Amino acid sequence: MSEIVKVGMADLKTCVSPNGATTLGLGSCVGIAIRDPITKIGGLAHIMLPDSKAIRNSQMNVAKFADTGIEELVKQMERLGAKRARMVAKIAGGATMFAFQGGNSSIGQVGDRNVEATKTKLRELKIPILAQDTGANYGRTVIFYPETGDFHIRAVGRPESII
């Protein structure tokens with residue numbers, strides 16, 4: 001019997017097939033699902049912000065940021081036996097949830113910045129993105145299965161999709 005591991009906001013978890021991982025409430029946040037298709041080891045990160053360098057805090061939560069969270073997820077997967085050279089990723093989220101007058105508010109652009117930071121970090125780590133469901137103006141809940149690589153995306157008022 002498989003279990004679905006819950007990943008909170010600013011959190012990350014690894015799992016091994018047949019288990020999966022889920023996270024709720026991806027608005028401007030981004031869910032990054034990474035897997036090694038040979039070992040079926042996977043992980044899911046729920047990042048909130050693009051860059052940890054803006055925060056100077058020794059007690060920083062590394063899972064909160066794209067740059068540090070993705071790196072930590074990859075390290076944890078490698079400790080379980082995954083190989084970085086085989087890892088592939090899928091991403092979802094990064095929505096623009098609120099419209100701000102003036103249109104140039106950095107708060108309103110955090111979803112776009114999260115997606116860009118995620119892509120940059122994955123590119124730096126040489127982990128290809130196989131599929132994405134990002135942007136728009138609605139939240140998402142995701143479930144990731146490292147066995148198959150299926151990334152189920154649910155959003156209110158929309159049909160479930162699998163990328």
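Predicted model: local features only at pLDDT ≥ 70, side-chain atom pairs only at ≥ 80, totals over all residues.
1. Start with β5, residues 41–47. Buried here means under 20% relative accessible area, and 7 of the 7 residues in β5 are buried, so the strand is largely enclosed by the rest of the structure.

2. What about its two faces? In a regular strand the side chains alternate between the two faces of the sheet. For β5, Ile41, Gly43, Ala45 and Ile47 sit on one side, with Gly42, Leu44 and His46 on the other, and both sets are buried.

3. Now the neighbours of β5. Strand β2 (residues 11–16) pairs with β5 in the antiparallel sense over 6 bridges, and Thr14 stands opposite Gly43 there. Strand β4 (residues 30–36) is also antiparallel to β5, over 7 bridges, with Val30 as the bridge partner of Ile47.

4. Zooming out, the open sheet has 5 strands in the order β2-β5-β4-β6-β7, with mixed pairing. β2 and β7 (129–134) are at the edges with a single partner strand each, so one side of each has no neighbour in the sheet. On average, neighbouring strands are turned by 10 degrees against each other, direction ignored.

5. Moving to β6 (residues 88–93), this strand pairs with β4 in the antiparallel sense over 6 bridges. Ile32 stands opposite Ile91 in β6.

6. Last, the helix: α1 (residues 66–80) lies across β2, β4 and β5, and runs at about 25 degrees to β2.

Notes:
Residues numbered from 1 in each chain as written. Heavy atoms only, no water. Buried < 20%, exposed > 50% of the residue type's maximum accessible area, 1.4 Å probe, protein only. Helix = DSSP H or I, 4+ residues; strand = E, 2+ residues; numbered from the N terminus. Pairing = 2+ DSSP bridges. Axes fitted to C-alpha atoms, helices over the stretch in contact; angles between N-to-C directions. Contact = heavy atoms within 4.5 Å.
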